[in-house]
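My entries are kept in the order in which I looked things up.

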Amino acid sequence: MARPNKRQMSVTGAAVASFVLFGLGFLACLLLLESVYFGPRRLAREAADWITVPCTIVDVGVAVVSLPPVSGGSRSGSPGYEPSVVYDYVIDGQSYQGKSFWFRNVFCNSRAEASEALVGIEKGKPADCFVDPKNPTRSVLVREFSPGGGVLMLVPFVLATITGLGMVGIPWAIWSSQHRRKRWRRSTDAKGTNDPPIMPPPSP
């Protein structure tokens, strides 16, 4: 049984390394998409069957979220904004308090955008919230799904596509190239064995 030479081992190592590298990137993109898109969308679909319950707005405003520093520097990035609400509601004589405004994990880009989402919601005024009948502690004011982020929401999808294709395509290309090289060598060796032997010139 022939042992793989160093070149074959290096090619295999490069294919495995590229698969692992792109695989980790693909996994990171999937986790990001689960957080900002698939998870909230799944919750919104689930909340479509929740019951409508009258509530009273206890507090309303715009929360400012401090984002991590840019590129690992000491300066923090641009702040994010999100609607902040507190509301009371009653289910079967039991009082509950909710703080979920919507199913969205992407911050608003400006205070004006967050304030626009709160139009019509005023402190002390009645409103309607949506409550999970199986678990009354789960509630939300806006159950329609809106991912937010604008064009930036396309970035995780594009990165997931690139890393997914790279995870499969680059190792396949490496192994395919190695396989073609082996076939070419075999065909070259076969031609060499089928050539007629070279006869020495006749002696004078």
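**Entry 1: Ser-139.** I found a polar contact between the side chains of Ser-139 and Tyr-89 at 3.4 Å; such a contact is a pair of N or O atoms within 3.5 Å, where, within protein, one must be able to donate a hydrogen and the other to accept it, and where residues adjacent in sequence count only if both atoms are side-chain atoms. The side chain of Ser-139 also makes a polar contact with the side chain of Tyr-87, at 2.9 Å. I am working on a predicted model, in which local features need pLDDT of at least 70 and side-chain atom pairs count only at pLDDT 80 or more, while totals for chains, interfaces and linings use all residues. Residues are numbered from 1 along each chain as its sequence is written, and side-chain values use heavy atoms, with hydrogens and water left out.

I then asked: is Ser-139 buried or exposed? Ser-139 has a relative accessible area of 6% and is buried; the classes are buried under 20%, exposed over 50% and partly exposed in between, with a 1.4 Å probe and protein chains only. Leaving aside neighbours within four places in sequence, I listed its contacts (heavy atoms within 4.5 Å) as Trp-50, Tyr-87, Tyr-89, Gly-98, Ser-100, Phe-130 and Val-131. Ser-139 belongs to strand β5.

**Entry 2: the sheet.** I counted 3 helices and 5 strands in the protein, taken as DSSP runs numbered from the N terminus, with helices being H or I of at least four residues and strands E of at least two. Along the sequence they follow the pattern α-β-β-β-α-β-β-α.

In what order do the 5 strands stand in the sheet? The sheet is open and antiparallel, with the order β3-β2-β1-β4-β5; strands pair if DSSP finds at least two bridges between them. β3 (94-98) and β5 (139-140) are the edge strands with a single partner each, so one side of each has no neighbour in the sheet.

I noted the pairings as follows.
- β1 and β2 run antiparallel and are joined by 10 bridges; Val-65 stands opposite Gly-80 in β2.
- β1 and β4 run antiparallel and are joined by 6 bridges; Cys-55 has Ala-127 in β4 as its bridge partner.
- β2 and β3 are antiparallel over 5 bridges; Tyr-89 has Tyr-96 in β3 as its bridge partner, and Val-90 stands opposite Ser-95 in β3.

The hairpin of β2 and β3 has 2 residues between the strands, and Asp-92 takes a positive phi near 55° there.

**Entry 3: aromatic rings.** Tyr-87, Tyr-89 and Tyr-96 form one aromatic cluster. The structure holds 4 aromatic pairs; rings of Phe, Tyr and Trp (its six-membered ring) pair if their centres lie within 6.5 Å.

**Entry 4: the cores.** Which residues have the most contacts inside the largest nonpolar core? They are Tyr-87, Tyr-89, Phe-101, Cys-129 and Leu-141, in a core of 17 residues; a nonpolar core is a set of buried Ala, Val, Leu, Ile, Met, Phe, Trp, Tyr and Cys residues joined through side-chain atoms within 4.5 Å. The elements giving this core two or more residues are β1 (51-65), β2 (80-91) and β4 (126-131). β2 supplies the largest share, 5 residues. Apart from this core lies another, of 6 residues, including Ala-44, Ala-47, Trp-50 and Val-140.

For Phe-101, not counting residues up to four places away in sequence, I recorded contacts with Pro-83, Val-85, Ala-117, Leu-118, Ile-121, Val-140, Leu-141 and Val-142.

**Entry 5: Arg-111.** I next examined Arg-111, which is found in helix α2 (residues 111-117). Its relative accessibility is 44%, and Arg-111 counts as partly exposed. Residues up to four places away in sequence aside, Arg-111 touches Val-62, Val-64 and Tyr-81.

**Entry 6: totals.** Of the 204 residues in the protein, 27% are buried. Among contacts between residues at least 6 apart in sequence, 73% join residues at least 24 apart. The accessible surface comes to about 14,100 Å², and 61% of this area belongs to carbon and sulfur atoms; the areas come from the Shrake-Rupley method with a 1.4 Å probe.

Key
Phe/Tyr/Trp six-rings, centres within 6.5 Å; stacked < 30°, edge-to-face > 60°.
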